[in-house]
Amino acid sequence: MRAEGIAAAAATAAKDGGLPPVHLWNPPFCGDLDMEIRADGSWFYEGTPIGRPAMVRLFSTILKREGDRYFLVTPAEKVGIRVVDAPFLAVDADISRDRVTFTTNVGDQVTADADHPIIMRGNGVQPRPYVMVRAGLEALIDRKTFYRLAAAANEGPEGRIGLHSAGQFFALES
């Protein structure tokens, strides 16, 4: 199936404005689609950027991760796509004393908590911060947002530097 058909099926599945129940769908695998989500959060189809934000948002709602692979799924089919790093990019954060809420490049909002942790990878020289968005799908926290998190950080358990959000402490060091 081509991207247009998948987009139409996704639009039908998400009629109420919420996220489609992709976790309930287990359709047959129909092959790989020439679609890629690059490390900077941009989406490409057949080597061409997908320039319509609404289309990217629509595809993002039917994205599913199984192991190390990513798929676009509808009730009738599943197609593989490539993800270079993380499928989403956290491009902003609302930081308060006890809550950090991220906004992604596709419009999702997620508060860091036990189910949506801030995950540090990399090292002290090149930290790679992520936040879990949903069902195994992470967002890489962009540099400007990470700097804002670091500026708001304080000392937590065991002398580690980090942030509190929704009753959890998240270290901002690997």
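**A walk across the sheet and its helix**

Start with the open sheet: 6 strands in the order 9-8-7-12-11-10, with mixed pairing. Strands here are DSSP runs of E, at least two residues long, while helices are runs of H or I of at least four, numbered from the N terminus; two strands pair if DSSP finds at least two bridges between them.

Next, select 109-111 and 118-122. These are strands 9 and 10, the edges of the sheet; each has a single partner strand, so one side of each is left without a neighbour in the sheet. Across this sheet, neighbouring strands are turned by 40 degrees against each other on average, direction ignored (axes are lines fitted to C-alpha atoms, for helices over the stretch in contact, and angles run from 0 to 180 degrees between N-to-C directions).

A word on what you're viewing: this is a predicted model, where local features need pLDDT of at least 70, side-chain atom pairs count only at pLDDT 80 or more, and totals for chains, interfaces and linings use all residues. Residues are numbered from 1 along each chain as its sequence is written, and side-chain values use heavy atoms, without hydrogens and water.

Now pick 88-95 and 137-141: strands 7 and 12 pair in the parallel sense over 3 bridges. Click Leu 89, and you'll find its bridge partner in strand 12, Leu 140.

Then go to helix 3, residues 143-152, which packs on the sheet at about 35 degrees to the direction of strand 7. Its buried residues (under 20% relative accessible area, 1.4 Å probe, protein chains only) are Thr 145, Phe 146 and Leu 149.

Methods
Contact means heavy atoms within 4.5 Å. Buried means under 20% relative accessible area, exposed over 50%, partly exposed in between (1.4 Å probe, protein chains only).
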